[in-house]
Amino acid sequence: MKINTKKKLLYFAIVIVPIIITSILFFNYQINKEETNNKTHAEWVASIHQRQWDSYINKIVSTLNILSLSIQTNIDSPEEIDQLLRKVFTNERIYGGLFLLDNNGKTIAGVNDTYDSIDISDEDYIVEVVNSKDLVISNKEEVLSNGQKVIGIAMPIVNQHNRLDSIITAYLRVDYLINITKMLSSEENIAIMNDQKERILYINEGATIGENVISTPIDRLPWTIVVELAEPNIWNIVKSKIWILLFFIVIFHLFYMIIVLYYQRKTREEEAKQNEIQKLELVGNLAASSAHEIRNPLTGIKGLIQLLSEKYQDQQDQLYFSIIQKEIMRINEIVSQFLILGKPTAQIKDKMNIKSIIAELNPLIISEANLYNVKYIEKIPEQDIYILGIADQMKQVLLNLTKNALEAMENGGQLELSVQRIHSNVMITIIDNGIGMSSQQLKKIFEPFHTSKETGTGLGLVVCKRIIESFNGEIHISSREKKGTKVNIILPIME
């Protein structure tokens, strides 16, 4: 139950939460990206219409300027002025009406026969033209008698004394302006806004424009083109990017599987380690309860054998006695190893000099090396190096390791023992060029009772490891078949 809960929490933490966070961040990025694209598109649409409107306004102003010059030339001939206005009106579909006003704003000529009945002298833009003597456009739509919507534009005709002679007034057809705008872009929601921030013209009839807009001023008019920004279509984003979401789901599930496999591997390793510890504890308990009980009768047996060997001097009997003595020594050695495994904490540590310990062991190592026809090389620093531990156990470790190295070089070779100081630690290295070990053998060297020797107990390296760890040190062994073995012992220096 506890394992399932952990797996669920792990799945939630590694898969669910990252997918949610990543999806939110990704789709938020896509929404922001679409908003940016919509803004860029709206700015482009606004600039297109702004140039289009400026082009038409410039064209209208140019036409009115030419018309004003012609009117000044024919000011005394009303009939020719009427014909001129009609000709311009007929050629340009943008006009809904074209009139000539006197300097008081009264209609004196126009494109229809009833122009004298039209009075626009009170219109704001006419009054402004009279006062400013400058081109003025209306800030609102007007509706003619035929129902046509128009926007008025007025241009003053000034004489050489800078006095207002007359005013040319043109009605611009709203439907024509809308149509030329729709020809450029029919999908966007566009409006024209005057200088009072009032929307005077909607391109799409019946549409309303929200607050999220792009505004671009028209150069020749006090108007602004307003383009509404399109809202991001979240559903379309989700549909187009759903494969990204599936990719995230697959990736996080793969990551989860890798974590689970790694966790399971670590669990197996931990279980194997616990099994090894339990084996050692079992050996330790066995040693604590039986080692002394074995040694006591063993001492008696050894004494009796000694007496018998003195009594019976026959050569055959002496051979048997020597074999029994060797086996008793072997049993005693095994019991001693059991005692070390069984009581790793029952030790009185003291300051010891690594250099002195090796010097005491050298005669034994050299003697054994000569028996195996092995060249012994020693690399020891001149200065003393002290560690905290038990001298006899340290000797046992070094003798055990050098003995293993010598036994691996039955046909001769070279044994090297070196000591070097590395920061606050000392590293003792034992190198041989013997038969070496395979990777499979190397994995099991510290397992109790595992041995590759015919007469080995499988406790030698286990005891060495236990002793070194009791000194707060580490032991590392590397080996290659037919190349040799290297042992590194790292111990903290006692200052």
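Trainee: Which residue in β17 is the bridge partner of I477?
Mentor: That is V487. Before we go on, this is a predicted model, where local features need pLDDT of at least 70, side-chain atom pairs count only at pLDDT 80 or more, and totals for chains, interfaces and linings use all residues. Residues are numbered from 1 along each chain as its sequence is written, and side-chain values use heavy atoms, with hydrogens and water left out.
Trainee: Okay! In what sense do β16 and β17 pair?
Mentor: Antiparallel, over 7 bridges, with β17 covering residues 484-492. Two strands pair if DSSP finds at least two bridges between them. Strands are DSSP runs of E with at least two residues, helices are runs of H or I with at least four, and both are numbered from the N terminus.
Trainee: What's the strand order in that sheet?
Mentor: The order is β12-β14-β15-β17-β16, in an open sheet of 5 strands with mixed pairing. At the edges are β12 (374-379) and β16 (474-480), each pairing on one side only. From one strand to the next, the twist averages 10°.
Trainee: Which strands does helix α9 lie across?
Mentor: Helix α9 (residues 391-407) lies across β12, β14, β15, β16 and β17, at about 25° to β15. Helix α8 (residues 354-371) lies across β12, β14 and β15, running at about 170° to β12. Contact here means heavy atoms within 4.5 Å. Axes are lines fitted to C-alpha atoms, for helices over the stretch in contact, and angles run from 0 to 180 degrees between N-to-C directions.
Trainee: New topic: how many aromatic pairs are there?
Mentor: The whole structure has 6. Rings of Phe, Tyr and Trp (its six-membered ring) pair if their centres lie within 6.5 Å; planes under 30 degrees apart are stacked, over 60 edge-to-face, and the rest tilted.
Trainee: Why is the F26 and F27 pair called edge-to-face?
Mentor: Because the planes are at 75°, with the ring centres 5.4 Å apart. Ring pairs also link F26, F27, F247 and F248 into a cluster.
Trainee: And what about W53 and W223, buried or exposed?
Mentor: W53 is buried at 3% relative accessible area, and W223 is buried at 2%. Buried means under 20%, exposed over 50%, and partly exposed in between, using a 1.4 Å probe and protein chains only.
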